[in-house]
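Dear colleague,

Please find below the structure that I am handing over to you. My notes on its charged side chains follow directly after it.

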Amino acid sequence: MQQLPTRSSVRRTLLASGILAAAAGAMAQDAKDGQDKVLYHIDDTAAQATKGLRNIRNHLDVAPQTRIVVVTHANGVDFLMEGAKDAKNADIDYAALVSALKARGVRFEVCEITLRNRKLKKEQFIMDADFTPSGVVRIAQLQNREQFAYIKP
């Protein structure tokens with residue numbers, strides 16, 4: 001004899017189906033919008049900042065709808081500090097480049113663990129910098145939870 005499902009099992013099945021449908025709908029909306037999501041990871045200003053900012057500018061020139069988040073930690077936070085310039089080319093003022101990219105929707109995040117470890121203060125950073133409790137955790141969340149593509153310039 002076949003047993004009928006209980007109300008609670010039917011509710012669980014409907015709830016699970018609803019969650020799956022909502023997730024599929026959100027993914028379909030992202031695909032429909034054509035919006036890529038990209039994480040740029042910078043942990044060494046000297047080696048990555050100028051190249052990374054140029055990559056981001058070029059990225060947006062070709063794909064302007066891309067949602068870009070730049071996560072910095074360790075020595076990668078230095079280019080977001082007040083008065084920072086490229087050590088190899090003093091004509092490159094990082095604040096101006098960051099401000100131009102911020103105006104195009106790019107988000108720049110600084111690791112607060114790095115601030116504590118290096119005894120830095122938020123006031124030392126340009127106004128376009130945002131802060132995140134942990135750069136490494138933020139990178140993992142963007143990749144895993146929000147399906148951001150990962151680029152390390």
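Is Lys-102 buried, partly exposed or exposed? Lys-102 has a relative accessible area of 26% and is therefore partly exposed. Here buried means under 20% relative accessible area, exposed means over 50%, and partly exposed lies in between (1.4 Å probe, protein chains only).

Please note that this is a predicted model, in which local features need pLDDT of at least 70 and side-chain atom pairs count only at pLDDT 80 or more, while totals for chains, interfaces and linings use all residues. Residues are numbered from 1 along each chain as its sequence is written, and side-chain values use heavy atoms, with hydrogens and water left out.

Salt bridges

Side chains of opposite charge can pair when their charged atoms come close. The structure holds 10 salt bridges, a salt bridge being a side-chain nitrogen of Lys or Arg within 4 Å of a carboxyl oxygen of Asp or Glu.

One of them joins Lys-102 and Asp-130, at 3.0 Å from N to O. This pair links distant parts of the chain, with Lys-102 in helix H3 and Asp-130 in strand S4 (residues 129-132), 28 residues apart. Helices (H or I, at least four residues) and strands (E, at least two) are DSSP runs, numbered from the N terminus. Lys-102 and Asp-130 also belong to a network of salt bridges that includes Arg-67, Arg-107, Glu-109, Arg-138 and Glu-146.

A salt bridge is also formed by Asp-61 and Arg-104, whose closest N and O atoms are 3.0 Å apart. Because Asp-61 lies in helix H2 and Arg-104 in the loop between helix H3 (94-102) and strand S3 (107-111), the pair ties together parts that are 43 residues apart in sequence. Asp-61 is partly exposed at 48%, and Arg-104 is partly exposed at 36%.

Asp-43 pairs with Lys-152, and the closest N and O atoms are again 3.0 Å apart. Asp-43 is in strand S1 (residues 37-44) and Lys-152 in the segment after strand S5 (149-151), 109 residues apart. Asp-43 has a relative accessibility of 23% and counts as partly exposed; Lys-152, at 41%, is partly exposed.

A buried threonine

Thr-66 lies in the loop between H2 and strand S2 (67-75). With a relative accessible area of 8%, Thr-66 is buried. The side chain of Thr-66 reaches the backbone oxygen of Ala-63 at 2.8 Å.

Yours sincerely

Conventions. A polar contact is a pair of N or O atoms within 3.5 Å; within protein, one must be able to donate a hydrogen and the other to accept it, and residues adjacent in sequence count only if both atoms are side-chain atoms.
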